[in-house]
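User: I am new to reading protein structures, and I would like to learn how to look at one feature after another. Could you please take me through this one?

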Amino acid sequence: MALNDNTMNKEQTQKRILLATVISFAFFIAYDFFYLQPKQELVNQANAKNAIALEKQQDKNNISNLNQAPVTSSSVDNTNAAPVSNDISSTKIVSTIKTQKNIFEIDNFGRIAQVTLTEAKYIDKDNNQIKLFTSNQLRPLEVRFSDPKINTESFATNVEVSSAKLDATKQKTVLVLTQKLSNTTLTKVLTFYPDGHYDVKAASTNKATFFITPGFRPDVIADMYTDHGALVTLNDGTLDIIKDTKVDKSKELIGVNVASAFDRYYATVLYNYDVSMAVSIMKDKNDSPQIFIHANDKISLHGYTGPKNYNNLTALDKRLSSVIEYGWFTFIAKPMFSMLQFIYSYVGNWGWTIVFTTILVKLILLPLSHKGMVSMNRLKELAPKVKELQEKYKDDKQKASMHMMELYKKEGANPMGGCLPVLLQIPIFFAIYRVLLNAIELKGAPWIFWIEDLSLMDPYYVIPILMGATMFLQQKITPNTMTDPVQQKMFQFLPVVFTFFFLWFPAGLTLYWFINNLVTVTQQYYVNRIFAKAKVERHTKHINEKSHKVSKKK
Amino acid sequence: MKKTGISFILNNLILLIIKFYQKYLTILSFGSCRYHPTCSSYAKVQFEHNSFLKALYFSTIRILKCNPLFDGGFDYPKVRCMSDDKSQLKKLKFKKIKVKYWKVPLNNKYCLILQHNKKWDK
């Protein structure tokens, strides 16, 4: 009686576990659909509204608005000292520079007001060219003086430009911006290169100290799946990421060589590996970071505003790839990306790159998995014995597993794949996931037929269903030693749960899993066949011998 | 094991994770372990009986060894036990206890730990 109760309980708990698994999957998907996405839309709407309201307000109190410089002395309350980020309504574009990859627009305060990406790849969903910045944020190359008087004056004085229109598509071109103030004159010499990056040399007279900024991050895609905010790298090789809305206090950093503000795919970067910069991170009204580089009275920097494309960045400087980050899985996602990129350079299609990489990894692991499969097959011949054991110790899992292990030992074969191969899958899986989310190279990357963007879900659910089918097949042809019928049922139900879960995953990730399963199934099928053949051979040999003996007797 | 300190806290944290894994996630990796007891039960015993770093070391080694290149089979957690500690004996209280483990002494210093099965009580 007690025993019966026990099995009943066990059945129930296992059903409950299955239910819990399904519910938690469902919860995550529902959370994403009904909470994260609408929230994002709300935020976008609010941003648009704010922008309009802010511009109106700024119209009214244009003069009273202060673009204060960061104050380093700790005695001053930081919140008061935080610069008010705004767009003075009287800004107008005074110079336009065209390079091979983008168009820069310089406003009348000598800042980069907008960068438009002109490469065909960078278009938004309405087929417009991507513009990196929104109107009401801190602009790249904005200068703030530490003397408030000079600072106020600088935001009321237009700059003089050396040229209103420049063409830097063929060779590097220089633009000089001069701002004459009563106590000092600020000159910015900007050199634009055909590849879309620029150098900036800024200097003031009369030792007027000032700060310069790479600007607020681009605002093209900033969602909750990936990080966005500010990133600085230091001379000692460390990296500091300050996420949006997470700045509670201003921060001072020294020994900085790269200062970047980034969203999912784009960044505005000021860097110089030859000097070590001092940088202040201030918070704006949303507690998001604003970067100010201490320039004293002169500074020389390189600048990049555009996509975080690995080849673009490393062409400027090898070390600049540190600007691309994949969240806390960077340590494994980065090598994964390098490997994918290497294979891509031969294959030329990201979908096939994923396919080949998966097959390659499987091939490397072949000796390992082959050994497991062979011993698994050897044990298949012991199936009656295993079944007997399972029957005998039906109610004592621990004992059953102990006796099973004894049997394996006696036969010198172990059918299990091991925990390590299973665990190894997890980081590989996450690395590919992060690369698919974060690498601009994989955005809009097609595979074949209907897959037009590997970083988005499969619109017709074909790959997830194929994935589920191969998983089911894999279970069918893999001999397993599950003792418990309830557990076995749950196990069989897993492909369904996985298919459901993968429906909304990036197509590239599902593709990886599908190919992974496919290779395993093929391998298993092959091993099974070899064994079946060997068995038949042995059988016929046996029969032959028997008949031989019989004939001898006669 | 001491019932205080950072090691104790970390051990309990890991034990919580193992408990969660054994309850809800084993179905995902079912039937993969090449050892008896399984890696998760091994790690559980380790974190219950050893200091954090030691337990982490032994559990990691165990998981690394759990692949087709190694034979697998029986591998019970081995921990230092205080069989030679006389003061321990004096502290013994004689009362009814719930058996959780069986410590099987190997030599003066080390014991193998076998998990007790409730079914054996009946």
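User: What percentage of the 122 residues in chain B do buried residues make up?

Analyst: Please keep in mind from the start that this is a predicted model. A residue counts as buried if 20 or more other C-beta atoms lie within 10 Å of its own. Buried residues make up 26% of the 122 residues in chain B, and in chain A, with its 554 residues, 37% count as buried.

User: How many helices and strands are there in chain B, and how do the elements run from the N terminus on?

Analyst: Chain B has four helices and five strands, and their order from the N terminus on is α-β-α-α-β-β-α-β-β. Chain A, for its part, has 13 helices and 17 strands.

User: Which strands form the open sheet of chain B, and in what order?

Analyst: Three strands of chain B make up this open sheet in the order β3-β5-β4, and their pairing is antiparallel. At the edges stand β3 (78–80) and β4 (101–105) of chain B, each with a single partner strand, so one side of each has no neighbour in the sheet. On average, neighbouring strands in this sheet are turned by 40° against each other, direction ignored. To see one pairing in detail, follow β4(B) and β5 (residues 110–115) of chain B, which run antiparallel and are joined by five bridges; there, B:Lys103 stands opposite B:Ile113 in β5(B).

User: What is the order of the open sheet of four strands in chain A?

Analyst: That sheet has the order β3-β2-β1-β6 in chain A, and its pairing is mixed. Its edges are β3 (112–117) and β6 (165–167) of chain A, and because each has a single partner strand, one side of each is left without a neighbour in the sheet.

User: Why is strand β14 (residues 266–271) of chain A largely enclosed by the rest of the structure?

Analyst: Six of the six residues of this strand are buried, and therefore β14(A) is largely enclosed by the rest of the structure. Both of its faces are covered, with A:Tyr266, A:Thr268 and A:Leu270 buried on one side and A:Ala267, A:Val269 and A:Tyr271 buried on the other. Now look at its partners: β13 (residues 251–262) of chain A pairs with β14(A) in the antiparallel sense over five bridges, and a hairpin of three residues joins β13(A) to β14(A). The strand β14(A) also pairs with β17 (residues 298–307) of chain A, in the antiparallel sense and over six bridges, where A:Tyr266 has A:Pro307 as its bridge partner.

User: How should I read the packing of two helices, and at what angle do α5 (residues 330–347) and α6 (residues 350–364) of chain A cross?

Analyst: Two packed helices are described by the angle between their axes and by the distance between those axes. For α5(A) and α6(A), the axes come within 9 Å and cross at roughly 115°, and the crossing is right-handed. On the side of α5(A), the residues that meet α6(A) include A:Met339, A:Leu340 and A:Ile343, while those of α6(A) include A:Trp350, A:Trp352 and A:Phe356. Sorted by class, this contact has eight nonpolar, two polar and no charged residues.

User: Which two residues does the cis peptide bond in chain B join?

Analyst: The cis peptide bond joins B:His36 and B:Pro37, with an omega of about -5°. B:Pro37 is found in the loop between β1 (35–36) and α2 (39–49) of chain B.

Note on methods
Residues are numbered from 1 along each chain as its sequence is written. Chains are lettered from A and ligands numbered from 1 in the order in which they are written. This is a predicted model: local features need pLDDT of at least 70, side-chain atom pairs count only at pLDDT 80 or more; totals for chains, interfaces and linings use all residues. A residue is buried if 20 or more other C-beta atoms lie within 10 Å of its own, exposed if 12 or fewer, and partly exposed in between; C-beta atoms are placed from the backbone. Two strands pair if DSSP finds at least two bridges between them. Axes are lines fitted to C-alpha atoms, for helices over the stretch in contact, and angles run from 0 to 180 degrees between N-to-C directions. A crossing is left-handed if the near helix is turned anticlockwise from the far one by less than a right angle, and right-handed if clockwise. Two residues are in contact if their C-beta atoms, placed from the backbone, lie within 7 Å. Ala, Val, Leu, Ile, Met, Phe, Trp, Tyr, Cys and Pro count as nonpolar, Asp, Glu, Lys and Arg as charged, and the others, Gly among them, as polar.
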